[in-house]
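Colleague: I am new to reading protein models. Could you walk me through this one?

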Amino acid sequence: MVHYSEEEVKRHNKPNDLWVSNSGKVYNVTEFASRHPGGQDILLDVAGEDVTDAMQSSSPHRHTLGAYSILGKYCIGTLQKSSENGISESITKNGVSNGIVHNNNGTSLPTQHAADEFDFDNSCEDIVDWTKPILWQVGSLGDRYLEWVEKPVDKHIRLWYSNFCETFSDTPWWAIPMVWLPVIAVLLFLSYTNFQSLGDTTWLEMVGGGISLKLQGMPLYVAAGVLLWTFLEYTIHRWLFHIEPPSNSPVLITLHFLLHGQHHKAPFDRYRLVFPPVVGFIFLAILYQVYRLLFPIQLTQCLLAGTLLGYIAYDLTHYYLHHGSPSKNSYFQRLKRYHVLHHFKDQTKGFGISSKLWDYPFNTVLEDKRD
């Protein structure tokens with residue numbers, strides 16, 4: 001392995017050339033910096049420096065074993081310094097050198113992080129073959145599936161053997177507005193023409209005379225659709241995406257991974273962040289039927305347009321939280337921190353993505369000590 005001096009590491013301290021050291025090893029995190037869950041600015045603040053203490057500190061937060069595993073991907077060598085007699089020696093930080101704790105009698109033991117990383121790399125990741133499509137392997141993981149899927153990696157996931165299926169499941173962020181904004185325009189046009197041809201109508205007539213629905217109320221109905229989406233966002237994320245599949249059901253494990261597990265396994269995969277439109281149209285057809293059972297046709301179309309508008313905002317926000325660099329102390333920086341806590345601290349809370357709105361009444365707010 002290549003050896004680097006402290007002076008050499010310190011020279012790599014720019015956004016396009018960013019190195020750090022940790023426990024006697026050197027890491028080139030230039031390519032990862034824009035995806036860093038805490039934002040690129042945090043890495044720039046420690047560029048060229050030793051981050052051992054920072055990663056183990058509880059401020060801003062203690063890094064998880066998953067973070068150490070991801071960091072390992074970018075290791076390029078070991079850190080050395082020159083001793084007084086001119087001989088180069090491995091850097092030891094707080095008694096740690098290359099993941100080894102050195103005690104006073106000269107013997108050494110692996111640190112807890114190093115031991116856990118070794119276990120993570122060899123006993124957990126090796127249970128799947130990353131050279132083959134992952135979707136068809138997860139069903140056989142059984143009771144090890146949840147352990148495996150909750151330990152993140154910085155990789156692209158291939159799901160399908162078929163290149164055709166893979167093409168339609170890999171979704172860039174710009175596909176979301178490109179596909180769904182025209183659908184919203186069509187729904188609003190249909191709602192407008194139905195109000196024009198069918199006239200005003202009344203909803204829930206049996207309840208106190210009902211609610212009058214008028215053409216002029218269309219902006220309000222769209223806003224109601226956006227609000228409906230925020231509730232759907234919370235309920236789908238919490239009670240569908242995060243339901244734990246039984247370990248004895250390969251089908252349900254595979255379905256869980258397809259719907260959401262893949263995102264928690266590879267949270268930095270930019271083509272697995274937004275929902276594929278092909279699947280989205282299936283959900284849209286189901287939602288249309290539900291709305292149609294509850295509302296008149298004019299209101300159904302308007303509410304559905306608003307729901308899709310909320311969905312677009314959600315998916316683009318979700319992508320930005322993972323790959324954007326919000327300005328300091330902004331709303332989106334706080335939201336990014338909140339979503340990072342959901343991924344890396346507690347996956348049983350923090351189900352709101354575009355806002356925390358429904359986390360409050362359902363008592364699933366994640367506490368951020370920095371707020």
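Modeller: We will take its cores, then a helix, then a helix pair.

Modeller: This is a predicted model, where local features need pLDDT of at least 70, side-chain atom pairs count only at pLDDT 80 or more, and totals for chains, interfaces and linings use all residues. Residues are numbered from 1 along each chain as its sequence is written, and side-chain values use heavy atoms, with hydrogens and water left out.

Colleague: Which residues touch the most other members of the largest nonpolar core?

Modeller: A nonpolar core is a set of buried Ala, Val, Leu, Ile, Met, Phe, Trp, Tyr and Cys residues joined through side-chain atoms within 4.5 Å. Buried means under 20% relative accessible area (1.4 Å probe, protein chains only). Here the largest core has 33 residues, and Trp 180, Tyr 291, Leu 308 and Tyr 311 touch the most other members.

Colleague: Which helix gives the most to this core?

Modeller: Helices are DSSP runs (H or I, at least four residues), numbered from the N terminus. α13 gives the most, with 11 residues. A second, separate core has 15 residues, including Val 20 and Tyr 68.

Colleague: Why is helix α4 largely enclosed?

Modeller: Count its buried residues. In α4 (residues 65-72), 6 of the 8 are buried, so the rest of the structure largely encloses this helix. Among them are Gly 66, Tyr 68 and Leu 71.

Colleague: How do the axes of α9 and α13 cross?

Modeller: Axes are lines fitted to C-alpha atoms over the stretch in contact (heavy atoms within 4.5 Å), with angles from 0 to 180 degrees between N-to-C directions. These two axes come within 8 Å and cross at roughly 160 degrees. Angles over 145 degrees count as roughly antiparallel, so α9 and α13 are roughly antiparallel to each other.

Definitions and conventions. Buried < 20%, exposed > 50% of the residue type's maximum accessible area, 1.4 Å probe, protein only. Parallel < 35°, antiparallel > 145°, perpendicular 65-115°, else oblique.
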